Amino acid sequence: MVENCLFCKIINGDIPSKKAYEDDKILAFYDIAPQAPVHILVIPKTHISCADEINSSNSSIVAYIFEKIPFIAKEAGIENGYRIISNCGPDACQSVHHIHFHILGGAQLSEKMA
């Protein structure tokens, strides 16, 4: 856990969230400022700042997240597809420096969001 990390505080229970899924490795919760009818963030419980820090010792958690995303999306009621987004760095507007994957769905999404 990184002391000043918002998502580490959510994982630790210091900040409440509306959980969509949780197990011993990851947490998925609903975004407080949704960009689509269904907007869920999926984060590893291990702190990784962004995609630039993925390496051979932690890449398995990213693979695990992608294995769980279809289940999380289905449980959230997404039926006709979804988009997965991860921002990395200031030019991508990464606002929380804990790797996270946005699942966006529940309606036809704009082509300009890709």
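Tyr82 is placed in strand β4 (residues 82-85); helices (H or I, at least four residues) and strands (E, at least two) are DSSP runs, numbered from the N terminus. The structure is a predicted model, in which local features need pLDDT of at least 70 and side-chain atom pairs count only at pLDDT 80 or more, while totals for chains, interfaces and linings use all residues. Residues are numbered from 1 along each chain as its sequence is written, and side-chain values use heavy atoms, with hydrogens and water left out.

Tyr82 is partly exposed, at a relative accessible area of 33% (buried means under 20%, exposed over 50%, partly exposed in between, with a 1.4 Å probe and protein chains only). Together with Phe66 and Ile84, Tyr82 makes a nonpolar surface patch of about 240 Å². Residues of a patch have over 30% relative accessible area and no salt bridge, and nonpolar side chains (Val, Leu, Ile, Met, Phe, Trp, Tyr) are joined within 5 Å. A salt bridge is a side-chain nitrogen of Lys or Arg within 4 Å of a carboxyl oxygen of Asp or Glu.

Three aromatic pairs were counted, where rings of Phe, Tyr and Trp (its six-membered ring) pair if their centres lie within 6.5 Å, and planes under 30 degrees apart count as stacked, over 60 as edge-to-face and the rest as tilted. One of the pairs is formed by Phe7 and Phe29, which are edge-to-face because their ring centres are 5.6 Å apart and their planes stand at 75°. This pair links distant parts of the chain, with Phe7 in helix α1 (residues 6-12) and Phe29 in strand β2 (residues 26-30), 22 residues apart. Phe7 and Phe29 are both buried.

Phe66 and Phe101 are also edge-to-face, with centres 5.2 Å apart and planes at 80°. Phe66 belongs to helix α2 (residues 59-75) and Phe101 to strand β5 (residues 101-105), so this pair ties together parts 35 residues apart in sequence. Phe66 is partly exposed, at 39% relative accessible area, whereas Phe101 is buried, at 6%.

The charged end of Lys25 sits over the ring of Tyr64, 4.5 Å from its centre. Lys18 lies over the face of Tyr30, 4.7 Å from the ring centre. For such a contact, NZ of Lys or CZ of Arg must be within 6 Å of the ring centre and within 35 degrees of the ring normal.

Terms used:
Patches are made of residues with over 30% relative accessible area and no salt bridge: like charges are joined within 9 Å, nonpolar side chains (Val, Leu, Ile, Met, Phe, Trp, Tyr) within 5 Å. Accessible areas come from the Shrake-Rupley method with a 1.4 Å probe; for residues, only the protein chains shown count as cover.
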